[in-house]
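Dear colleague,

Please find below the sequence and the structure that I am handing over to you. My notes on the findings follow directly after.

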Amino acid sequence: MLGFNEKKILEVYRFIIVGLCSVTIDFLFYYLLIYFDLLDLNNSKRLSFILGAIFAFYANRNFVFKIKKRKNSQYIMFSFLYFTSFVLNSVVHDYIYLISQLTLISFLGATFISTITNYTGQKFIIFKNDK
């Protein structure tokens, strides 16, 4: 049986893996939407973020935090958290792009801010007492 610290370390590793997958989904859709000129730069980022968030909810609930009990409040709180994170992500992306004109830097800066926001909200609020 794993000790407390080892369980927490594995949880962080799982969160990183899910996060990398979510960011990959986010980036691939962002890039494809821009490349095929389906949406403008800003709306491409918004849609790609939402697609990554859908994946993140199910993967974090089932794989990272291993939540067995499903509650409607999880969807509601997750939606609120990701809406907040979405606004932060969009504002940070647009601001960094405005001052730098660098797409990758804008993407990474926005992703960093939303990752910190999302982990904190999921770990300490949404999935806190459901284990």
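Helices (H or I, at least four residues) and strands (E, at least two) are taken here as DSSP runs, numbered from the N terminus. In these terms, Tyr31 is found in helix α1. The model is a predicted one, in which local features need pLDDT of at least 70 and side-chain atom pairs count only at pLDDT 80 or more, while totals for chains, interfaces and linings use all residues. Residues are numbered from 1 along each chain as its sequence is written, and side-chain values use heavy atoms, with hydrogens and water left out.

For accessibility, buried means under 20% relative accessible area, exposed means over 50%, and partly exposed lies in between (1.4 Å probe, protein chains only). Tyr31 has a relative accessibility of 43% and therefore counts as partly exposed.

Salt bridges

The search of the whole structure finds 3 salt bridges, each defined as a side-chain nitrogen of Lys or Arg within 4 Å of a carboxyl oxygen of Asp or Glu. Glu11 forms a salt bridge with Lys123, and their closest N and O atoms are 2.6 Å apart. Because Glu11 lies in helix α1 (residues 4–35) and Lys123 in helix α4 (residues 103–126), this pair ties together parts that are 112 residues apart in sequence. Both Glu11 and Lys123 are buried.

Asp26 forms a salt bridge with Lys45, at 2.8 Å between the closest N and O atoms. This pair links distant parts of the chain, with Asp26 in helix α1 and Lys45 in helix α2 (residues 41–64), 19 residues apart. Asp26 and Lys45 are both buried.

Asp94 and Arg46 meet through their side chains in a salt bridge of 2.9 Å, N to O. Here too distant parts of the chain are linked: Asp94 is in helix α3 (residues 72–100) and Arg46 in helix α2, 48 residues apart. Asp94 is partly exposed at 24% relative accessibility, and Arg46 is partly exposed with a relative accessible area of 22%.

The expected span of a helix is 1.5 Å times one less than its number of residues. The buried residues of α3 include Phe78, Tyr82, His93 and Ile96. Just after α3, Gln101 takes a positive phi of about 60°.

Helix α4 has 24 residues and reaches 32 Å from its first C-alpha to its last, close to the expected 34 Å. Ser106 lies in this helix and is buried, with a relative accessible area of 0%. The side chain of Ser106 reaches the backbone oxygen of Leu102 at 2.7 Å. Leaving aside neighbours within four places in sequence, Ser106 is in contact (heavy atoms within 4.5 Å) with His93, Ile96, Tyr97 and Ser100.

Nonpolar core

A nonpolar core is a set of buried Ala, Val, Leu, Ile, Met, Phe, Trp, Tyr and Cys residues joined through side-chain atoms within 4.5 Å. The largest one has 16 residues, and those with the most contacts inside it are Val64, Phe65, Phe78, Tyr82, Ile126 and Phe127. The elements giving two or more residues to this core are α1, α2 and α3, and the largest share, 6 residues, comes from α2. Not counting residues up to four places away in sequence, Val64 touches Glu11, Arg14, Phe15, Val18 and Ala59.

With kind regards

Notes. Polar contact = N/O pair within 3.5 Å; in protein donor to acceptor, adjacent residues only side chain to side chain.
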